[in-house]
Amino acid sequence: MALTDSEVELKISLNQEAAGGAQRASAVFPKFPASYQLPVAASGDGAWIVDTEGKRYLDGSGGVFVAILGHSPAGVGEAIAAQAAKLNFAYSGDFTTGPQEQLARMLTAIAPKGIEKAWLTTSGSTANETAMKLSRQYHLLRGSPEKVRIISREHSYHGSTVGALSMTGSLPRRMPFEPYLLNFPKISPPYCYRCQFRADESNCVLQCANELEIAIKTVGAQYVSAFIVEPVAGAPLGGLTSSPAYMRRIREICDRYDVLLIVDEVVSGLGRTGSWFGIEESGVTPDLITLAKGLGGGYLPIGAVLAHERVHKAFEEANASVVHSESFTGHVLLGTAGVAVLEFIEKNDLLEHVAKLSQYLEASSARLADCSLVGDIRGRGLVRGVELVADKKTKRPFDRQERVSERVAKAAAAHGVLLLTGNGAADGVNGDTVVMAPPYVATETDIDLMVSALEEALNEVAAQI
Ligand SMILES: Cc1ncc(COP(=O)(O)O)c(C=O)c1O
């Protein structure tokens, strides 16, 4: 995930402390200003990661939602090593492979009915980029060459490549690259805590979903290719969820205007919510689903696009090729890693475990509402975000300059727990969030530790304000 300036600063200060201020030479092009060193990760142990100094960190967010099975899950690395010893590479234009075929079969078997094909990519960004291009080609093949624009939601994050960043709504992530980005419209997310339409539970008519119809009509349906939406949002929106009713309304609107529905399950997919896909609870079938992050178990960079039969049919009927590929599309080891991850989840009954642990996390984190900084707690499954406010009554966000979420995460890290931060949710610039997204293998003891560390961190920062 692309980091904003303030997140970079947090990393710098944490790393500076971890390195004891020492300056060590490194030939790695530094992501952060060159004078600082990252701690050196050495080994993993369930939800924990250990550095070369022996310091243990509870990975409260699996890095950036990646290490879903925790660190060094048994069997996954071995499966990859065994396959690597047999075959390193076979170009997807020349060959298919057993592991690619098996993963595609497994993914389409667990996906909503009608999803019949899978395309393997190397990240969430390239998965969304691929979905964008498949949508474009789909409409081209069906005689609608003008359907090119993709609608998405404010404050969303869909990836770092130009297409995916054009779909991204998060302003801090777009800002430096704005001159390169495509002109894609954005609508309001279902941000009930700060409802743009001043609705509450009693009078909500899903105006935020209806905004999609307004946007399509404003742009002109003949120009709209797809709408992309995440069932559970990542750090910028602090784990914001989209209700089943919202998803169903979105699906109806997409159908009405021949707009493809892309569901970005990069965060919510593969069991994060206690079911394989976040979209499942709504009963909605997307046209395209994107996955990434944990599908490689943290071992390999991976992504996938799952396509509904109707999308694939457009190519089949026209006998058309997909005009898009990467050298590593469908790579044999990506297939192997994905199969091993899905088997690990099944073998260890992790969907059931995640469902139970999610309830525990929700119940445990409810007490954070008593902290003076906490305005809202939200999320689904093993994603729990807290939104921090300067004034609970008026919901006034902190001024971004105060970097409150970074200070809270830094304080939690001092208690040995790593968490994600986001910003910009309230108005594009201000609006601090802190997100917990523990690996599926976490225990109730890990959750206790994580929530207590966050609680202490919140109280410590509140005392300084
Ligand atoms: C919802 C969502 N989509 C897409 C991406 C991009 O994935 P990647 O970083 O693997 O390119 C992310 C990354 O954080 C994400 O949270």
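A quick definition before anything else: two strands count as paired if DSSP finds at least two bridges between them. Helices (H or I, at least four residues) and strands (E, at least two) are DSSP runs, numbered from the N terminus.

Housekeeping, then. What you see is a predicted model, where local features need pLDDT of at least 70, side-chain atom pairs count only at pLDDT 80 or more, and totals for chains, interfaces and linings use all residues. Residues are numbered from 1 along each chain as its sequence is written.

Strand 1 pairs with strand 2 (residues 48-51) in the antiparallel sense, over 4 bridges.

Now the domains, whose bounds come from an automatic or database domain assignment. Domain 1 is 5-72 + 350-464, and domain 2 is 76-347. Their C-alpha centres lie 26 Å apart. The contact between them (C-beta atoms, placed from the backbone, within 7 Å) takes 36 residues from domain 1 and 31 residues from domain 2. Among the elements supplying at least two residues each on the domain 1 side are helix 12 (350-365) and strand 11 (374-380). That side divides into 18 nonpolar, 12 polar and 6 charged residues. Here Ala, Val, Leu, Ile, Met, Phe, Trp, Tyr, Cys and Pro are nonpolar, Asp, Glu, Lys and Arg are charged, and the others, Gly among them, are polar.

So what does helix 12 pack against, with axes 10 Å apart? That's helix 14 (residues 444-464), at an angle of about 25°. Axes are lines fitted to C-alpha atoms, for helices over the stretch in contact, and angles run from 0 to 180 degrees between N-to-C directions. That makes helix 12 roughly parallel to helix 14, the label for angles under 35 degrees. Helix 12 contributes Leu-357, Tyr-360, Leu-361, Ser-364 and Ser-365 to the contact, while helix 14 brings Glu-444, Ile-447, Asp-448 and Val-451. By class, that contact is 5 nonpolar, 2 polar and 2 charged.

Definitions and conventions:
Two residues are in contact if their C-beta atoms, placed from the backbone, lie within 7 Å. Angles under 35 degrees count as roughly parallel, over 145 as roughly antiparallel, 65 to 115 as roughly perpendicular and the rest as oblique.
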